[in-house]
Amino acid sequence: MHNATNESSRLDKLGRKLTSTFQTTQQQQQPEPVDPQFTIVDSKHGSIVHAKLPPYSQLVTRVGQLVGQAPGAYARATAHGTFAVAALRPLLGRSAFVQQVSTDNCTADVLIAPRKAGDMAVVGVSGAVDYFVRRGCLLAQSKFLSASTWHGIGAAFNILAFDRVSGRGSMVINTVGGLHRLVLKEDEEYFVDPRFVVAWSSSLDIQPQSGRPAPLHPKRNIAKHPVASANHLSTQPTPFVASSSAVNNTVAAPSRSPAEPMQSLRMSSMRDLSKLGSKLLDYTIFPAGRAIANGLRAAAYASANLARIAAWFSAKSIRTLAGVPDLYRITGPGEIYVSSRVQPKPWSRITEHIATKSS
């Protein structure tokens, strides 16, 4: 019985040792993850993306754009972020799901079709700067890049039109019409219409030329220390003639009246009440009044800012409907990708018709 137990323990140790050796060998043989290589294959009637995936590689693309794949590639649809984030993305005009393509220990390649009938470009992201990509123009990206709609809110050209892409890797952008790249040097300036912008690097400084109103800020009424009241001041009289050895200005004290102690007590009580009242005013009534005044002033400035922004936005919308270009000043260094055609929108035909009639 004892020999059987020893034999079983030796077999368990040998099995654990073999398993550990196999896992160590497998980890040593598994290479570091490598980003896929994107190549755009042109033709007369349209282009397609050819992506080569090394072993243990992964890419992310839009659902429904995968044309074909080699046997070593595995594709699956997954939610874009957590369940809560994926559920909120359709409210912002984004897709809730993405398609992941990965490989194990062999190479493979896939074909990805463009979503928009236009040009495509492969953009390398070094990690030093981020990129903002227009909604729907990001076709594919490597594993170590992340696209965030929330971090793109409030971008230079439009509040909700761009996603922020950060990390290190490469991505494929796609747009309607031709796609062109503008590279700006340090302090070099250029003016563009935001309707034609597809992507740009975060190193660019972008300012509107349409006179966006600067917010008004009220002057803060900073509470100071309570001012000393008259009761806090010294009541010692200052002699008109300085005392010296030659002149004696000492006045003899008058005789005390029997009613003087009661008067002195009454005056002391009145002084104490006056001090208490002034402290109540300094620390309760006055700060409350200042707070109410500051709140009313801030509300008035906020209303004025909202009115100015609403007027600016209305004028800007009227100019856009009339076809008047709304140019933005771009200052380098950095790069920006522009399209030869405007992204089609439901009101594009209306604006084009109004612009044609006005010209």
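## What counts as a pair

Rings of Phe, Tyr and Trp (for Trp, its six-membered ring) make a pair when their centres lie within 6.5 Å. Go by that rule in this predicted model, and the count is two aromatic pairs.

## Phe132 with Trp200

Let's start with the stacked one. Phe132 and Trp200 sit 4.9 Å apart, centre to centre, with 20 degrees between their planes. That falls under the 30 degrees used for stacking, so the pair counts as stacked.

Where do Phe132 and Trp200 lie? Phe132 is in strand S9 (residues 131–134) and Trp200 is in strand S16 (residues 197–201), so their contact ties together parts that are 68 residues apart in sequence. Phe132 counts as buried, with 8% relative accessibility. Trp200 is buried too, at 2% relative accessibility.

## Phe162 with Trp200

Trp200 turns up again here. The ring centres of Phe162 and Trp200 are 4.8 Å apart, and because the planes meet at 75 degrees, this pair is edge-to-face. It also links distant parts of the chain: Phe162 belongs to strand S12 (residues 162–167) and Trp200 to strand S16, 38 residues apart.

Is Phe162 buried or exposed? Its relative accessible area is 1%, so Phe162 is buried.

## Putting it together

Phe132, Phe162 and Trp200 make up one aromatic cluster.

How values were computed: Residues numbered from 1 in each chain as written. Predicted model: local features only at pLDDT ≥ 70, side-chain atom pairs only at ≥ 80, totals over all residues. Heavy atoms only, no water. Phe/Tyr/Trp six-rings, centres within 6.5 Å; stacked < 30°, edge-to-face > 60°. Helix = DSSP H or I, 4+ residues; strand = E, 2+ residues; numbered from the N terminus. Buried < 20%, exposed > 50% of the residue type's maximum accessible area, 1.4 Å probe, protein only.
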